[in-house]
Amino acid sequence: MRQMTTRNFAARRMVLAAMLLFVAGLGMAPTPARAQGEYTAQEIVDAGHGFFGSTSGALANVIEKAFQNYGLPNGYILGQEGSGAFVAGLTYGEGQLNTKNAGQHDVFWQGPSLGIDYGGNGTRVMMLVYDLPSVEALFARYGGVSGSAYVVAGIGMTVLKSSNVVLVPIRTGVGARLGVNVGYLKLTRQPTWNPF
């Protein structure tokens, strides 16, 4: 009889422990899964602050907007570009792709534009890169409408796409440029004067 009571007590203790673990588990919110190699908003904001300098509040707002719309990027490019237009325009730039899984790689871009667009500018650019399966997949033509920009305090964001890869260039700089244009950017491993 004493042996039976000891077994019942041990069994009850195990059931109670299991119930406590279950109840404790209910109170914990699951952690959202993050794919390996993706950047958090804080990592991107920190990289942007170091690159752009004192544009902190506006930069954080633009990055937050990109993260709301597109999620976590698995790469980003920091670089500079120059562009000019009188109805038709050209853009040339260079920078460095940063990834967690594939390291850093030099990137060049160039492209034409056409529209109601006048002026010229020189800008610093951070491009968020989404759904990049490999470094080689980055080198393609990315189309978009530059006039459909999200702008906060002199920092602008546009969206460009090629296949499943999405680029979100975030720009700030000097110059005078007014208008709306349609065009594309061609990303390459080597610099070239040919925008097509």
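Is serine 162 buried or exposed? In this predicted model, serine 162 is buried, because its relative accessible area is 14% and the cut-off for a buried residue is under 20%.

**Surroundings of serine 162**

Serine 162 belongs to strand S6, which covers residues 160-162. Leaving aside residues up to four places away in sequence, serine 162 touches Ala140, Arg141 and Tyr142. With arginine 141 there is a polar contact: the serine 162 side chain reaches the backbone oxygen of arginine 141 at 3.1 Å. Strand S6 also has the highest mean pLDDT among the elements of the protein, at 90.

**Overall layout**

The protein has 196 residues, and 38% of them count as buried. Three helices and seven strands are present, and from the N terminus on they run α-α-α-β-β-β-β-β-β-β. Among contacts with a separation of 6 or more, 70% are between residues 24 or more positions apart. The accessible surface comes to about 11,400 Å², and carbon and sulfur atoms account for 60% of that surface.

**Nonpolar cores**

The largest nonpolar core holds 22 residues, and those with the most contacts inside it are Ile44, Ile63, Tyr76, Met126, Leu128 and Ile170. Two or more residues of this core come from each of helices H2 and H3 and strands S1, S2, S5 and S7. Helix H3 gives the largest share, six residues. Apart from this core lies another, of 17 residues, among them Leu97, Val107, Tyr142 and Val165. Tyr142 is also one of the residues that serine 162 touches.

| Element | Residues |
|---|---|
| helix H2 | 41-52 |
| helix H3 | 56-70 |
| strand S1 | 75-98 |
| strand S2 | 104-130 |
| strand S5 | 155-157 |
| strand S7 | 165-188 |

Tyrosine 76 has contacts beyond four places in sequence with residues including Tyr39, Ile44, Ala47, Gln96 and Leu97. Met126, Met127, Leu128 and Val129 are also among the residues that tyrosine 76 touches.

**Confidence**

The mean pLDDT of the protein is 75, with 65% of its residues at 70 or more. Helix H1, residues 2-26, has the lowest mean pLDDT among the elements, at 45. Over residues 14-34 pLDDT stays under 50, and the model has three contacts beyond four places in sequence for this stretch. Where pLDDT is low, predicted coordinates should not be read in detail.

Conventions: Residues are numbered from 1 along each chain as its sequence is written. This is a predicted model: local features need pLDDT of at least 70, side-chain atom pairs count only at pLDDT 80 or more; totals for chains, interfaces and linings use all residues. Side-chain values use heavy atoms; hydrogens and water are left out. Helices (H or I, at least four residues) and strands (E, at least two) are DSSP runs, numbered from the N terminus. Buried means under 20% relative accessible area, exposed over 50%, partly exposed in between (1.4 Å probe, protein chains only). A polar contact is a pair of N or O atoms within 3.5 Å; within protein, one must be able to donate a hydrogen and the other to accept it, and residues adjacent in sequence count only if both atoms are side-chain atoms. Contact means heavy atoms within 4.5 Å. A nonpolar core is a set of buried Ala, Val, Leu, Ile, Met, Phe, Trp, Tyr and Cys residues joined through side-chain atoms within 4.5 Å. pLDDT is the predictor's confidence in each residue, from 0 to 100. Accessible areas come from the Shrake-Rupley method with a 1.4 Å probe; for residues, only the protein chains shown count as cover.
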